[in-house]
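Please look at the model below. The report that follows goes through ring pairs, charged pairs, a disulfide and a surface patch.

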Amino acid sequence: QVQVVESGGGLVQAGGSLRLSCAASGSIFSINAMGWYRQPPGKQLELVARITSGGTINYADSVKGRFTISEDNAKNTVYLQMNSLKPEDTAVYYCTANANTSWLSRGDYWGQGTQVTVSS
């Protein structure tokens, strides 16, 4: 199995910054993509940023220019640098890894989530 663990959430004032980290471990044959999703209070889960093994990066329009996703392939770790935070960025942030555990077995693995709260 694959374990995904996030860290780095917390409380920050509007305009501030936070850096989230996410590490995937376990029976990993290869990682195809890692990304961050978030679920604001009372709202649906939404994609924040995603990076593929080939280096393709996608951002939600709402975070472009403020958030940066990066990776450390050697550590199976992905980071989300969040700058110029706004109250509407308040959400539980989830990390996900699309990984193969063998040539034929591929799946999506999720972390437990980390709370980010931005005060006005």
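Trp110 is partly exposed, because its relative accessible area is 42%. Here buried means under 20% relative accessible area, exposed means over 50%, and partly exposed lies in between, with a 1.4 Å probe and protein chains only. This is a predicted model, in which local features need pLDDT of at least 70 and side-chain atom pairs count only at pLDDT 80 or more, while totals for chains, interfaces and linings use all residues. Residues are numbered from 1 along each chain as its sequence is written, and side-chain values use heavy atoms, with hydrogens and water left out.

A pair of aromatic rings is described by the distance of the centres and the angle of the planes. Rings of Phe, Tyr and Trp (its six-membered ring) pair if their centres lie within 6.5 Å; planes under 30 degrees apart count as stacked, over 60 as edge-to-face, and the rest as tilted. The count under this rule is two aromatic pairs. One of them is Phe29 with Trp103, a tilted pair with 5.0 Å from centre to centre and 55 degrees between the planes. Phe29 is in the loop between strand S3 (18–26) and strand S4 (30–39), and Trp103 is in the loop between S9 and S10, so that this pair links distant parts of the chain, 74 residues apart. Strands (E, at least two residues) are DSSP runs, numbered from the N terminus.

Phe29 is partly exposed, at 42% relative accessibility. Trp103 is exposed, since its relative accessible area is 72%. The rings of Tyr37 and Trp110 also pair: their centres are 5.1 Å apart and their planes are at 50 degrees, so this pair is tilted. Tyr37 in strand S4 and Trp110 in strand S10 are 73 residues apart, and the pair links distant parts of the chain. Tyr37 counts as partly exposed, at 23% relative accessibility.

## A nonpolar patch

Which residues make a nonpolar surface patch of about 470 Å²? Phe29, Trp103 and Leu104 make it. Patches are made of residues with over 30% relative accessible area and no salt bridge; like charges are joined within 9 Å, and nonpolar side chains (Val, Leu, Ile, Met, Phe, Trp, Tyr) within 5 Å. Accessible areas come from the Shrake-Rupley method with a 1.4 Å probe, and for residues only the protein chains shown count as cover. The loop that holds Trp103 runs between strand S9 (91–100) and strand S10 (106–110).

## Salt bridges

Side chains of opposite charge can pair when their charged atoms come close. A salt bridge is a side-chain nitrogen of Lys or Arg within 4 Å of a carboxyl oxygen of Asp or Glu. The whole structure contains four salt bridges. One of them joins Arg38 to Glu46, with 2.6 Å between the closest N and O atoms. Arg38 is buried, at 5% relative accessibility, whereas Glu46 is partly exposed, at 29%. Another salt bridge is between Lys64 and Asp61, at 3.1 Å from N to O. Asp61 is exposed, with 65% relative accessibility.

Arg66 and Asp89 also meet in a salt bridge, at 2.8 Å from N to O. Arg66 lies in the loop between strand S6 (57–59) and strand S7 (67–72), and Asp89 in the loop between strand S8 (77–82) and S9, so the pair ties together parts 23 residues apart in sequence. Arg66 and Asp89 are both buried.

How many disulfides does the structure hold? It holds one disulfide, a disulfide being a pair of cysteine sulfur atoms within 2.5 Å. Cys22 is joined to Cys95, with 2.0 Å from S to S. The torsion about this S-S bond is about -80 degrees, so the disulfide is left-handed. Cys22 is in strand S3 and Cys95 in strand S9, so the pair ties together parts 73 residues apart in sequence. Cys22 is buried, at 0% relative accessible area, and Cys95 is buried, at 0% relative accessibility.

Tyr79 and Cys95 are 16 residues apart in sequence and 9.5 Å apart in space, C-alpha to C-alpha. Tyr79 belongs to strand S8 and is buried, at 15% relative accessibility. Over the ring of Tyr79 sits the charged end of Arg19, 4.1 Å from the ring centre. A charge sits over a ring if NZ of Lys or CZ of Arg is within 6 Å of the ring centre and within 35 degrees of the ring normal.

Conventions
Helices (H or I, at least four residues) and strands (E, at least two) are DSSP runs, numbered from the N terminus.
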